[in-house]
Amino acid sequence: MPLDTPPSKGAVSVAAGVLRDRQGRVLVTRRADHRHQGGLWEFPGGKIEPGESVEAALARELAEELGIRVQASRPLIRVPYRYPDKQVCLEVHEVTQFEGEPQGLEGQPLRWLPTAALEAGLFPAANRPIITAVRLPGVYVISPDADDPQRWLAALEATLARGARLLQMRVRGAPGERRPLAEQALDRTRAAGAKLLINGDPPLAAALGADGVHLTARQLAECDSRPLPTPHLVAASCHDPAELARAARLGIDFAVLGPVAATASHPDADPLGWERFAAWTADAPLPVYALGGLSPADRDTARAQGAQGVAGIRAFWGPDTGDAHLPR
Ligand SMILES: Nc1nc2c([nH]c(=O)n2[C@H]2C[C@H](O)[C@@H](COP(=O)(O)OP(=O)(O)OP(=O)(O)O)O2)c(=O)[nH]1
Ligand SMILES: [Mg+2]
């Protein structure tokens, strides 16, 4: 089960790497039958030696298991997890540069799979949030309210044209007015090959066949299971470690945590700062986007702090935010 307390001293720290080829397929290897979680597929890697950094352990393990030289990697997600017989903490990095052609040097079968083929059932149970993190982009765009629906749709189109891959329709107002707008938004998002989550309304998301729903912190507190099954995405707004732990326990796919910095819209809120953001995210076994006072240009900073990426409205939505293309 996912841990809702930080991993104890008994946890085995493991470095694992996500490697992609030119087509964006991901490398997986099969664990030998006799080993822990044997017979299942994994992201290659292994135990971190005492005193060793994650990067050093990853480079050593991938040299031993695959015969490649890792030249650059970045943190993707950290997953503390308790199996009945063993407690692990998976430190997963995306390998952004490597030399050599991966081979199964320990006789392990090896496959390059499209991200859509990374089914949770093929992997150890701890890997579910890793698969989600592999699939999600680094930028999560949240819409403003739609005072003028035609202008709002034009701004959505502009956001999609700038490369948005994952969006949240955060339009309050009467459900009857929201539905036709959501239908049009979904059509346009689909046509652009992006995903759209509907804020606060699981029945509407289900009725429209939207990609998912984004729960408010209050809805997260009030529900005791995922309101929509997979493959719908369920996201939640979180503000503290307890909310993140609850989201993980309920099997929510990803969270948004903030405010990281001061924002014009919430000038009285006490910003978390990166230090608290990083500490809270490190113990949360699900992908977490940083929100509040950030822009798409903060994506790499956020990732270095353990985030999946950045989320926001003001600096993300519409055509005129000054930074033409949204990073992936
Ligand atoms: N490498 C890897 N390990 C995973 C994944 N998911 C998961 O639960 N694990 C668990 C299984 C093991 O309990 C642990 C990895 O330890 P391991 O025994 O394979 O480590 P190792 O490569 O150093 O192997 P060894 O030398 O001890 O045989 O983490 C994953 O995706 N990749
Ligand atoms: Mg290994």
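Mentor: Let us begin with a definition: a residue counts as near a molecule if its C-beta atom, placed from the backbone, lies within 6 Å of it. Please keep in mind that the model before us is predicted.

Trainee: Which residues around ligand 1 come nearest?

Mentor: The shell around ligand 1 holds 16 residues, of which Glu42, Gly45, Gly46, Lys47 and Pro124 come nearest. Two or more residues of this shell are given by each of the elements β1 (12–19), β4 (45–47) and β6 (86–99).

Trainee: How do the residues of that shell divide into nonpolar, polar and charged?

Mentor: The shell around ligand 1 has 7 nonpolar, 5 polar and 4 charged residues.

Trainee: Where does UniProt place the feature "binding site"?

Mentor: The unreviewed UniProt entry places a "binding site" at Arg31, His36, Glu42, Phe43, Pro44, Gly45 and Asn127. These positions gather at one spot, because no two of their C-alpha atoms are more than 14.2 Å apart although they span 97 residues in sequence. The unreviewed entry also places the feature "binding site" at Gly45 and Glu65. That set is spread over 21 residues of sequence, yet the largest C-alpha distance is 7.6 Å.

Trainee: Is proline 44 buried or exposed?

Mentor: Burial is read by counting neighbours: a residue is buried if 20 or more other C-beta atoms lie within 10 Å of its own. Proline 44 has 26 such atoms within 10 Å and is therefore buried. Its place is the loop between β3 (41–42) and β4. Setting aside residues up to four places away in sequence, proline 44 touches Ala16, Gly17, Leu27, Thr29, Glu61, Leu62, Glu65 and Leu66.

Trainee: What is glycine 45 in contact with, leaving aside its neighbours within four places in sequence?

Mentor: Under that condition, glycine 45 is in contact with Val14, Ala15, Ala16, Gly17, Leu58 and Glu61. Glycine 45 lies in strand β4, and with 24 other C-beta atoms within 10 Å it is buried.

Trainee: In which helix does glutamate 65 lie?

Mentor: Glutamate 65 is in helix α1 (residues 54–66). With 20 other C-beta atoms within 10 Å, glutamate 65 is buried. Its contacts, leaving aside neighbours within four places in sequence, are Pro44, Leu105 and Glu106.

Trainee: How should I read the pairing of strands?

Mentor: Strands of a sheet pair through backbone hydrogen bonds, either parallel or antiparallel. In the present case, β5 (residues 69–83) and β6 pair in the antiparallel sense over 13 bridges. These two strands form a hairpin with 2 residues between them. As one example of a bridge, arginine 78 has glutamate 91 in β6 as its partner.

Trainee: Which strands are the edge strands of the open sheet?

Mentor: The open sheet has 3 strands in the order β3-β2-β7, with antiparallel pairing. Its edge strands are β3 and β7 (110–113), each of which pairs on one side only. Strand β2 (residues 26–30) is joined to β3 by 2 bridges, and arginine 30 stands opposite tryptophan 41 in β3.

Trainee: How many residues of helix α2 are buried?

Mentor: In α2 (residues 128–135), 6 of the 8 residues are buried, and the helix is mostly covered. The buried residues are Arg128, Pro129, Ile130, Ile131, Thr132 and Ala133. Their cover includes β5, β6 and β13 (254–257).

Trainee: How far apart do the C-alpha centres of domain 1 and domain 2 lie?

Mentor: The size of an interface is often given as the accessible area lost when the parts come together. Here we use distance and contacts instead. The domain assignment gives domain 1 (12–115) and domain 2 (139–312), and their C-alpha centres lie 29 Å apart. In the contact between them, 7 residues of domain 1 meet 6 residues of domain 2. The side of domain 1 that touches domain 2 has 5 nonpolar, no polar and 2 charged residues.

Definitions and conventions
Residues numbered from 1 in each chain as written. Chains lettered and ligands numbered in written order. Predicted model: local features only at pLDDT ≥ 70, side-chain atom pairs only at ≥ 80, totals over all residues. Helix = DSSP H or I, 4+ residues; strand = E, 2+ residues; numbered from the N terminus. Nonpolar A, V, L, I, M, F, W, Y, C, P; charged D, E, K, R; others polar. UniProt positions renumbered as here; feature names shortened; annotations may be inferred. Buried ≥ 20, exposed ≤ 12 C-beta atoms within 10 Å, placed from the backbone. Contact = placed C-beta atoms within 7 Å. Pairing = 2+ DSSP bridges. Domains from an automatic or database assignment.
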